[in-house]
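Subject: Structure handover

Hello,

Here is the structure for you to look through. My notes on it follow below.

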Amino acid sequence: MTGAVTHLPLGALGDYLRAQGLAGAGPLTATVLAGGQSNPTYRLTTDDGRQYVLRKKPDGPLIASAHAIDREYRVMRALQDTAVPVPRMLHYCDDSALLGTPFYVMEFLQGRVFMDQSLPGMQPAERGAIYRDMSRVIAALHAVDYVAVGLGDFGKVGNYVGRQIARWSRQCRESTVPMNEAMHRLMDWLPEHLPAGDETTLVHGDYRLDNLVFHPTEPRVIGVLDWELSTLGHPLADLSYQCMSWRIPPALWRGIGGLDLAALGIPSEQEYAGWYTAATGRDAAGEWDYYLAYNLFRMAAILHGIAQRAQDGNAASADAVETGAKAGPLAELGWQAAQRYMAGRR
């Protein structure tokens, strides 16, 4: 859903964009773009018909290192000429005087965004093709030479999963919103069972269907969005984040767990991971349930942060309370994955 914007200073913003060569002489209009609990996002239309997307930090007090729109802008700009499809970056403003926070402006992509991962209303073959292209793009991302595109200092190299566990655990422990027992167990268990071996690539950190823009008529990704959590990290952690969808039932949150995937034309979790293995040579093998447990914990921690922002009164979305309440059930699924991992190693 979108809605008309009344709180942006459109006159001053139009003047600013005009000075950057991004707007004509007439008035600027804006609507709120749906999606995302984090950074407020707007669709801008100039008087001469140009359309952009503006993304800014939320107002109010923020968790340190969160809402990193400067990193979003930097990584998408670096990926412009790679096999990873991203919108063109047009301008970054680090001055908070105009909108109250830094912001950036990028190309508006005319395409389709699918919120429901079961892809209702489509034929099975089209669903399968969409999942195929999702797999193609994440494999392409993990093949990017991050040093060559200027992202050699975009994150630390090595021990990504361990550092992520420590980061999100610390954030959860510093919050005032209560956590369930599964969250506490995962925070204790995960650092004690880190898989052996390591690898570093560029990772998206939030790669999922509704963060992709597809061609208006073809089953082809034309833009990967929402790079706020991107960094240098472990590619299998990035892949298994997306594969949480196969474990999460639709009634809980954005999942396809328990659906008749064969009838829908959607690959199984094993088949989808197999496409990635065929494209990259990487295989999580016996560590898969660990990576799923880690990602379910990480997602629960992110949602726990949304619950904290809702309690503090500065969440970016009206349904933040409902979204934050899903942290506990996701942590329960994570603990189940941890138990499966331990059972498989006996």
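Arginine 254 sits in the loop between helix H6 (235-243) and helix H7 (261-264); helices here are DSSP runs of H or I with at least four residues, strands are runs of E with at least two, and both are numbered from the N terminus. Its relative accessible area is 27%, so arginine 254 is partly exposed (buried means under 20%, exposed over 50%, partly exposed in between, with a 1.4 Å probe and protein chains only). The phi of arginine 254 is near 50°, a positive value in a residue other than glycine. Most residues other than glycine have a negative phi.

Before going on, some notes on the model. It is predicted, so local features need pLDDT of at least 70 and side-chain atom pairs count only at pLDDT 80 or more, while totals for chains, interfaces and linings use all residues. Residues are numbered from 1 along each chain as its sequence is written, and side-chain values use heavy atoms, with hydrogens and water left out.

Asparagine 159 also has a positive phi, about 55°, although it is not a glycine. Asparagine 159 is in the loop between H3 and helix H4 (160-174). With a relative accessible area of 40%, asparagine 159 is partly exposed.

Helix H3 (residues 124-142) holds serine 135, and histidine 142 is found in helix H3 as well. Serine 135 counts as buried because its relative accessibility is 4%. Not counting residues up to four places away in sequence, serine 135 touches Tyr272, Trp275 and Tyr276 (contact means heavy atoms within 4.5 Å). The C-alpha atoms of serine 135 and glutamine 336 are separated by 26 Å, and the two residues are 201 residues apart along the chain.

Is histidine 142 buried or exposed? At 3% relative accessibility, histidine 142 counts as buried. Its side chain and that of aspartate 238 are joined by a polar contact of 2.9 Å. (A polar contact is a pair of N or O atoms within 3.5 Å; within protein, one must be able to donate a hydrogen and the other to accept it, and residues adjacent in sequence count only if both atoms are side-chain atoms.) Leaving aside neighbours within four places in sequence, the contacts of histidine 142 include Thr201, Pro235, Asp238, Tyr276 and Arg282.

Glutamine 308 lies in helix H9 (residues 288-312). Its relative accessibility is 10%, so glutamine 308 counts as buried. Which backbone atoms does the side chain of glutamine 308 reach? The side chain of glutamine 308 reaches the backbone nitrogen of threonine 176 at 2.8 Å and the backbone nitrogen of valine 177 at 3.3 Å. Apart from neighbours within four places in sequence, glutamine 308 is in contact with Ser175, Thr176 and Val177.

Last, the chain as a whole. The protein chain has 11 helices and 10 strands. Along its principal axes, the C-alpha trace spans about 70 × 45 × 40 Å. Buried residues make up 55% of the 346 residues in the protein chain. Of the contacts between residues at least 6 apart in sequence, 70% join residues at least 24 apart.

Regards
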